[in-house]
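Thanks, everyone, for making time this morning.

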Amino acid sequence: MDTTLRDGQQSLIATRMKFEDMQPILDVMDNAGFHSIECWGGATFDSAMRFLKEDPWERLRSFRKAFKKTKLQMLFRGQNILGYRCYPDDAVEAFIRKTIENGIDILRIFDALNDLRNIESSVKAVKAGKAHAQLCMCYTLSEIHTTEYFVKLAKSLADMGADSICVKDMAGLLTPAAAFKLVKGIKAAVKVPLAIHSHYTSGMAAMTYLKSVEAGADIIDTASSPFAMGTSQPATEVMAEALRELGYDTGLDMDSLVKIAEYFRPQREKALQSGLLSAKVLAVDVEMLKYQVPGGMLSNLVSQLKEQKAEHRYGEVLAEIPRVRADLGYPPLVTPSSQIVGVQAVMNVLAGEQYKVVTKETKDLVRGMYGQTPGPISEEVRKKIIGDEKPITVSPASLLQPVLKESAQKISEYMEQEEDALSYALFPQVAMDFFKFRHTKKSGVDLGFAGNEEPVYPA
Ligand code: CO
């Protein structure tokens, strides 16, 4: 699967690639022979409206028109849809229906805690729309995240109706040896195709892919070389050539791959010159190998400590992270759990006492508002954080009221398509700003939009 248009550009240039910068090469990409092209979802939805003043739905329809042969794939955050909190089922169902109607073939669905209740409604909606449900396990390391744990999880995903399964290694923690064992285990346990998704952050992903393919993985995710490696995926051309020689011919057309790389190279150069692409994210992150913490999370910690004039306590915070993770039931470190754990570790160190100061997000995690954590939350820590309050044991979405009707009412003045109500339900402020921009643009007045600087979310 090619990720250049989604994870590649999200990981390296903060999801700032405009549709007009993709459009001229789409025909070549369509004819290169990819299993599928990931072009939508993840942070692209938010970013299109927030920074690029593009309608993400319009972008999807344009992709569908351009890709005549190749399957289109997206990354979907289960009950979090494409946002950062839990949404009710009416939003999940309508979003998936519109996603399929507008052209997506394969939805890759994950939950940050691997709580399968948080992806149930999504799977049902994908099945109802007769699209392909690729169900994910977020890969992480801890005493409970053994190969056996993940093989069991793969079986549960298959039982839920997964059309394929993906090992999502968002931090690049999967080593070649671990991947070999994991893929062997999963392939022996389930019949559906298996995709391996990793990031080059720790410098191991290409080797990890090779061992995964040797162990029987069916799909690997790569990006065109100008938007590959560093915090992105391994390079498509390199993997295709290496695998061909080893007897695993991908069937990809090398002339097309070269054309695609030549097309994107000037964009990489431009991003390097402007600083949008930093040399730092292109280097191997050795700290990650040592601390097993995603690279993006470490840089967040450094800036947080700087703000508090406490940079000298970085080492203490790094040592605190594994303790917080253990106390909170070993959540995988992916948005939003990575932020929750990182911020709590900083607070524990700076306050000089564990959980003396806690964030609303830590409280919500302990309350069960993000779902069930992989391991149990420490009894002592729970008492300290929420006292005698009982955590919820039902799925968080089951406590939410429908939102779509109200969402449509609130934007009636600007609504041009049903999809607008979904954009608004996910990102009220960002969507409203975008609708106003779109409205003004159509009336012929140029606002001279300059873009606002909002935080960058990890891939
Ligand atoms: Co990724």
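Predicted model: local features only at pLDDT ≥ 70, side-chain atom pairs only at ≥ 80, totals over all residues.

Let me start with a side-chain pair: the side chain of Arg6 makes a polar contact with the side chain of Glu38, at 3.1 Å. Arg6 is found in helix 1, and with a relative accessibility of 1% Arg6 counts as buried. If we leave out residues up to four places away in sequence, Arg6 touches Glu38, Cys39, Trp40, Gly41, Gly42, Thr44 and Leu75, so that Glu38, the partner in the polar contact, is also one of the residues on this list.

Next, the metal site. Which protein donors does the cobalt ion have? They are Asp7, through OD, and His197 and His199, each through NE2, lying 2.1 Å from the ion. Along the chain these donors follow the spacing D-x189-H-x1-H. Asp7 lies in helix 1, residues 4-13, whereas His199 lies in the loop between strand 6, residues 194-198, and helix 10, residues 205-214, and the pair therefore ties together parts that are 192 residues apart in sequence.

Leaving aside neighbours within four places in sequence, Ile196 is in contact with Val167, Leu174, Val183, Tyr209, Ser212, Ala217, Ile219, Ile220 and Asp221. As a distance for orientation, the C-alpha atoms of Ile196 and Val293, which are 97 residues apart along the chain, are separated by 20 Å.

Now to a loop with several side-chain interactions. Ser142 sits in the loop between strand 4, residues 132-138, and helix 8, residues 147-159. A polar atom of the Ser142 side chain lies 3.1 Å from the backbone nitrogen of Ile144, and the side chain of Ser142 also makes a polar contact with the side chain of His145, at 2.7 Å. Not counting residues up to four places away in sequence, Ser142 touches Arg325 and Tyr330.

Tyr330 deserves a moment for its backbone. Most residues other than glycine have a negative phi. Tyr330, although not a glycine, has a positive phi of about 55 degrees; this residue is found in the loop between helix 16, residues 314-327, and helix 17, and is buried, with a relative accessible area of 15%. Lys53 is likewise not a glycine and has a positive phi, of about 50 degrees. Lys53 lies in the loop between helix 4, residues 44-50, and helix 5, residues 56-66, and at 13% relative accessibility Lys53 counts as buried.

Moving into helix 17, we come to Leu350, which is partly exposed, with a relative accessible area of 31%. Leu350 touches Leu305, Gln308, Ala310 and Arg313, again not counting residues up to four places away in sequence. Leu350 and Pro294 are 56 residues apart in sequence and 22 Å apart in space, taken from C-alpha to C-alpha.

What, then, covers the buried residues of helix 18? The cover includes helix 17, residues 337-351, and helix 19, residues 379-386. The buried residues in helix 18, which spans residues 360-367, are Thr362, Asp364, Leu365 and Val366. Helix 18 is followed by Gly368, whose phi is positive, near 90 degrees.

How values were computed
Residues numbered from 1 in each chain as written. Heavy atoms only, no water. Donors = N, O, S within 2.8 Å, 3.2 Å for Na, K, Ca; no water. Helix = DSSP H or I, 4+ residues; strand = E, 2+ residues; numbered from the N terminus. Polar contact = N/O pair within 3.5 Å; in protein donor to acceptor, adjacent residues only side chain to side chain. Contact = heavy atoms within 4.5 Å. Buried < 20%, exposed > 50% of the residue type's maximum accessible area, 1.4 Å probe, protein only.
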